[in-house]
Amino acid sequence: MFPELIRLDGFALHTYGVLVATGFLAGVAFSLREGRRVGLDPEQVLNLCFYLVLSAIVGSRLLYILMYLDEYLRSPLEIVKIWKGGLVFSGGLIGALITGLLYVRRHGMGVGTVADVMAPGIALGQAIGRIGCFFAGCCYGRPTDAFCAVVFNHPQTLAPIGIPIHPTQLYASAALFMIFGILWAFRSRKRWDGQVMCLYLSLHSVVRLILEHFRDDYRGEVLGGLLTVTQTTSLLILAASLAVWIHAGRRRSK
């Protein structure tokens, strides 16, 4: 693919960085629009988006570094080169959830309302960002002879070169665009605050559990290799989301 959009006199504009930034901006723009729709202060929503983006980048990068700790200890300068890829969504989600909860409570905002405002924008931003993963070659899939297989040939790609593999980045992007559409349609039909976010977390976790069977890049091991870090995190998030959904539904019924 094309990891670099432009290279001039030693300066390179990386496709991954451009698309991830585009995804963040699209998610923020949608969240601001949704915030106005439900009566939230646009300035508070914008500030929250800034902290969420920052904490998501830090969290996702830290988890990736921990998964490849030996390599980064040998080349510490590589830690800051996020434009080459190397962000694990699970770590970013955890960082963003903690930061968001602290911010919302400190400013007296409704946790469920704010979560529902942010959920579709997160899915939209991810969907665009995953296309950046495809151009960088990170998050690549297993070898396959399927009709949809892709072959990476660029010398700077992070994917295996010259081997037909699953385009798992595009699978993820397509699934996330669908999740965004579902959340968009569902947001005006929700029955309790926080339901849109629970739906997003549940759908995303299921998608990740499915896609893990097609991925071939190393994502850490849990229980002696029985599960990857991503699978473990997805299972925990799915269980928590379903528990909240069931509990909130019962409270509403009573």
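1. The residues doing the touching on the α5 side are A115, D116, A119, P120, I122, A123, Q126 and R130, and α7 answers with Q195, V196, M197, Y200, H204 and R208. Sorted by class, that contact comes out at eight nonpolar, three polar and three charged residues.

2. On the geometry of this pair, α5 covers residues 111-136 and α7 covers residues 195-211. Their axes come within 7 Å, with a crossing angle of roughly 30 degrees. Angles under 35 degrees count as roughly parallel, so that label applies to α5 and α7.

3. Keep in mind that this is a predicted model. Everything here is read from that model.

4. Stepping back to the whole chain, I get eight helices and four strands. Reading from the N terminus, the order is β-β-α-α-α-α-α-α-α-β-β-α.

5. How compact is the chain? Its radius of gyration is 19 Å, close to the 18 Å given by the globule rule for 254 residues, so the chain is as compact as a globular protein of that length. The C-alpha trace spans about 60 × 40 × 35 Å along its principal axes.

6. Two more numbers on packing. Of the 254 residues in the chain, 48% are buried. Among contacts with a separation of 6 or more, 65% are between residues 24 or more positions apart.

Note on methods
Residues are numbered from 1 along each chain as its sequence is written. This is a predicted model: local features need pLDDT of at least 70, side-chain atom pairs count only at pLDDT 80 or more; totals for chains, interfaces and linings use all residues. Side-chain values use heavy atoms; hydrogens and water are left out. Axes are lines fitted to C-alpha atoms, for helices over the stretch in contact, and angles run from 0 to 180 degrees between N-to-C directions. Helices (H or I, at least four residues) and strands (E, at least two) are DSSP runs, numbered from the N terminus. Angles under 35 degrees count as roughly parallel, over 145 as roughly antiparallel, 65 to 115 as roughly perpendicular and the rest as oblique. Contact means heavy atoms within 4.5 Å. Ala, Val, Leu, Ile, Met, Phe, Trp, Tyr, Cys and Pro count as nonpolar, Asp, Glu, Lys and Arg as charged, and the others, Gly among them, as polar. The radius of gyration is taken over C-alpha atoms; the globule rule is 2.2 Å times the number of residues to the power 0.38. Buried means under 20% relative accessible area, exposed over 50%, partly exposed in between (1.4 Å probe, protein chains only).
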